[in-house]
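Hello,

Here is the structure I promised to pass on.

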Amino acid sequence: MPSIKLVTITGESTGELSLSGNVFDVPLHVPAMHQVVVAQLANRRQGTHCTKGRGDVRGGGKKPWRQKHTGRARHGSSRSPIWVGGGVTHGPKPRNYRQKVNKKVRRLAICSALSQKIRDAQLMGFEVFSMEKPSTKIMKGLFQSIGAVKPLVIVDHRDENVSMSTRNIPGADVLHVDSINVYDLLKHGHVFISTGAVKKLEEVYA
């Protein structure tokens, strides 16, 4: 049964937390994580890009010059794609980039990413980060004491003090457990997760 170390806001260890093997001890599945990350990034795209073809550009109704005996190449419109101010050939049009991912694939990807964090010793837990007021100095001291690289804090309830203490630290971020995703787990190095968030993950994914 896997377990993680519990730490306080000062970086002191307070014991270990046993985890469910169905969620935190899953073999690494790279194809599932890749599919979920690609779909997540694709779903962020608005798809509102649009270019005008030669039929959409204003003007160009009159033939620029007569067909023959001018010494110049023949043209029928000044809005041809080869003219300045002309239309765009095969340009992007509005489209939907959304990709569907099955629930089982998303579950496998998240559990695989969490399990890999434990194997890399990059996942730590905490009961609660008790902070009377926001303090970037205290939060930065915690990360430095652990040697955390691009830390991610996962909480089970909104804590304004934790959010405000983390937002000015380069590479650090705070995420609610309901918004957990593979991209953020892979993007960040060390992950700090609350015991409440662990319990919720085990209820949902186990």
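**What I found**

Gly 196 is partly exposed, with a relative accessible area of 26% (buried means under 20%, exposed over 50% and partly exposed in between, using a 1.4 Å probe and protein chains only). This glycine sits in helix H7; helices (H or I, at least four residues) and strands (E, at least two) are DSSP runs numbered from the N terminus. Its C-alpha atom is separated by 20 Å from that of Ser 112, 84 residues apart along the chain.

Before going on: this is a predicted model, where local features need pLDDT of at least 70, side-chain atom pairs count only at pLDDT 80 or more, and totals for chains, interfaces and linings use all residues. Residues are numbered from 1 along each chain as its sequence is written, and side-chain values use heavy atoms, with hydrogens and water left out.

Now the helix pair. The axes of H2 (residues 30–43) and H3 (residues 103–119) come within 8 Å and cross at roughly 110°; axes are lines fitted to C-alpha atoms, for helices over the stretch in contact, and angles run from 0 to 180 degrees between N-to-C directions. That makes H2 roughly perpendicular to H3 (the class for 65 to 115 degrees). On the H2 side, Ala 32, Met 33, Gln 35 and Val 36 meet residues of H3 that include Leu 108, Ala 109 and Ser 112, contact being heavy atoms within 4.5 Å.

What about the interior? The largest nonpolar core has 31 residues, and Phe 24 and Ile 154 have the most contacts inside it. Such a core is a set of buried Ala, Val, Leu, Ile, Met, Phe, Trp, Tyr and Cys residues joined through side-chain atoms within 4.5 Å. Elements that each supply at least two residues of this core include H1 (21–24), strand E4 (152–155) and H7 (195–205), while H3 gives the largest share, 6 residues. Leaving aside neighbours within four places in sequence, Ile 154 is in contact with Phe 126, Leu 175 and Ala 197, among others.

Two backbone spots are also worth a look. Phi of His 69 is near 65°, a positive value in a residue other than glycine. His 69 lies in the loop between H2 and H3 and is exposed, at 69% relative accessible area. Lys 150 has a positive phi too, near 45°; its place is in the loop between helix H4 (136–146) and E4, and at 38% relative accessibility Lys 150 is partly exposed.

Best wishes

Terms used. Angles under 35 degrees count as roughly parallel, over 145 as roughly antiparallel, 65 to 115 as roughly perpendicular and the rest as oblique.
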